[in-house]
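Hi everyone, thanks for coming.

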Amino acid sequence: MARFLLRKKLSSSTPLPPNLHDTMIRSILLELDFNTRLHAWCSFRCLSSYHISGKFDLTDLTQPHTWYPNARRKKRNVFLHVGPTNSGKTYNALKRLESSSSGVYCGPLRLLAWEVAQRLNKAKVSCNLITGQEREEIDGAKHSSVTVEMADVTSEYQCAVIDEIQMVGCRTRGFSFTRALLGISSDELHLCGDPAAVPLIQRILEVTGDVIKVQYYDRLLPLIPLKYPLGSFSNINTGDCIVTFSRREIYKLKKKIENGGKHLCSVVYGSLPPETRTKQATMFNDESSEFDVLVASDAIGMGLNLNISRIIFSTLKKFDGVYNRELTVPEIKQIAGRAGRYGSKFPIGEVTCLDAEDLPLLHSSLESPSPVLERAGLFPTFDLLSLYSRLHSTTTFHPILEQFLEKAKLSPDYFIADCEHMLKVAAVVDTFPLGLYDKYLFCLSPVDMNDDIAAQGLTQFAENYAKKGLVRLREIFTPGTLQVPKSQNALKELESIHKVLDLYVWLSFRMEDSFPDRELASSQKAICSLLIEEFLERLGWQRQGKGSYRHSPLYLQQKISMHLTVRPLHY
């Protein structure tokens with residue numbers, strides 16, 4: 001891996017003039033290719049300031065519903081399915097999707113998109129799976145299951161479902177949910193989530209002419225908050241899930257529980273590859289498996305179907321990247337609600353804490369309604385940012401993005417998404433001679449800039465792309481060098497390598513000719529997942545002294561060889 005590049009300090013560009021005349025806009029539009037010009041003009045002509053004054057204010061984002069003319073040509077029937085976890089709200093929306101002639105499901109996680117695609121295909125409804133890193137398309141399919149960022153606002157559907165709609169209020173990803181909410185052109189739009197989102201959704205859709213109906217759901221079976229803490233780890237039972245908020249604590253608790261000699265633990269946390277999370281959840285759900293306790297982060301809050309009897313909070317505080325804070329009411333309710341699952345061995349859920357001092361906050365949170373959402377996330381389109389940069393005669397993305405967001409004008413129902421991540425990436429890619437759109441793509445990529453190896457991977461990809469227009473995976477990664485981790489530090493490094501490979505796959509779907517080694521990256525990703533799973537399984541069985549369970553080197557090699565059938569590389 002290359003060392004992380006030192007970022008150059010970027011100076012601010014010349015301030016924009018207060019008024020931008022139509023002739024200036026048109027002269028720039030004429031320089032664009034036809035498709036870009038058409039798309040940009042459709043966006044710009046809808047800006048409210050243009051209608052009022054005859055002049056453009058590119059930073060006026062007060063009417064984002066006008067950015068989506070396809071959706072505005074329909075009078076959509078919008079159904080809000082709202083209620084707690086385990087209430088059947090998403091089930092009912094998906095039944096409607098299943099019976100429609102065409103449709104799309106938009107979920108917050110790849111796991112959810114995958115699960116819905118599997119469900120529809122099993123029901124003989126051909127369904128594509130489209131995420132940032134996956135394309136599984138079926139000939140003739142009129143349904144798609146996608147991550148919300150991949151929502152297509154140019155196609156038309158009979159039915160669309162947006163899951164976890166309360167995430168419009170998420171400071172980092174909310175704008176993607178807003179885009180889907182305002183932009184999907186569908187006869188029926190089904191929104192599933194927390195009742196706290198209802199007033200905001202109603203206000204946002206007042207100007208669209210859509211017809212809105214709200215359906216409230218109750219939990220199908222009870223969730224019981226216990227009046228006593230767990231106390232000793234000897235009180236852990238089959239079906240329990242203990243929740244904590246750091247990777248180190250997850251492995252510390254796993255070790256404590258397994259040292260008791262009665263249970264083996266599956267683990268689920270955010271930086272595990274999605275495939276590994278699914279495998280760990282499957283082992284926990286399998287009644288014949290000896291992995292009968294789950295140790296997890298808040299990653300279980302959505303996206304995995306888990307047969308949990310009791311949720312046990314090890315703490316009600318988490319570090320959110322800035323400071324250590326108490327969990328919010330929605331966070332506590334979302335996690336606690338995972339206990340009990342309709343139709344499972346544990347239909348009635350229980351929830352408690354490790355320490356008695358946390359019980360009052362747990363009980364009060366479960367009894368409280370989630371705070372009503374006030375605003376939805378918003379982010380400018382690339383067309384607006386592109387024109388803004390041309391008016392400043394620069395392709396330096398960091399100051400353009402920073403200045404645009406500082407000047408942006410919003411209605412009271414919206415906020416500008418926190419783009420700290422994008423600004424960090426922009427500071428890196430601005431050091432290379434890249435076009436604005438290329439920089440924009442790198443900024444949208446799913447790179448973890450807080451992970452040194454992942455950040456180095458992005459830097460190397462951007463540098464090689466800028467120099468040659470072609471990025472071969474072997475220039476940064478040597479296939480055949482991956483091994484089962486022997487320590488938690490080695491495990492963390494393997495998780496980081498998986499992120500780099502995942503990033504390559506993501507870029508390959510957007511710049512296919514320049515990132516041609518997608519199949520190799522995908523196969524190495526799969527091997528990463530296998531090696532991580534092997535480490536987790538060996539760790540548990542070693543605690544119990546059951547070495548006989550370990551996979552033999554030959555067995556593991558056979559599994560790995562299944563993922564090495566890629567086409568020859570052509571240099």
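Okay, let's start with a pair of residues: phenylalanine 79 has histidine 190, in strand S7, as its bridge partner. Before I go on, this is a predicted model, where local features need pLDDT of at least 70, side-chain atom pairs count only at pLDDT 80 or more, and totals for chains, interfaces and linings use all residues. Residues are numbered from 1 along each chain as its sequence is written, and side-chain values use heavy atoms, with hydrogens and water left out.

Back to the strands. S1 (residues 77-82) and S7 (residues 185-193) pair in the parallel sense, over six bridges. Pairing here takes at least two bridges found by DSSP. Helices (H or I, at least four residues) and strands (E, at least two) are DSSP runs, numbered from the N terminus. S1 also runs parallel to strand S8 (residues 211-216), again with six bridges, and there leucine 80 has valine 214 as its partner.

Now, is helix H7 enclosed or open? Well, nine of the ten residues of H7 (residues 174-183) are buried, so the rest of the structure largely encloses it. Buried means under 20% relative accessible area, exposed means over 50%, and partly exposed is in between, using a 1.4 Å probe and protein chains only. The buried ones in H7 include Phe175, Phe177 and Leu181.

On to the inside. The largest nonpolar core has 118 residues, and Phe379 and Phe442 are among those with the most contacts inside it. A core like this is a set of buried Ala, Val, Leu, Ile, Met, Phe, Trp, Tyr and Cys residues joined through side-chain atoms within 4.5 Å. Helix H18 gives the largest share of this core, ten residues. If we zoom in on phenylalanine 379, its contacts (heavy atoms within 4.5 Å) include Trp67, Phe175 and Met422, leaving aside residues up to four places away in sequence.

Most residues other than glycine have a negative phi. Glutamate 164, though, has a positive phi, near 55°, and sits in the loop between strand S6 (156-162) and H7. Glutamate 164 is buried, at 12% relative accessible area. Serine 393 also has a positive phi, about 55°, in the loop between helix H13 (382-391) and helix H14 (397-407). Serine 393 is exposed, at 68%.
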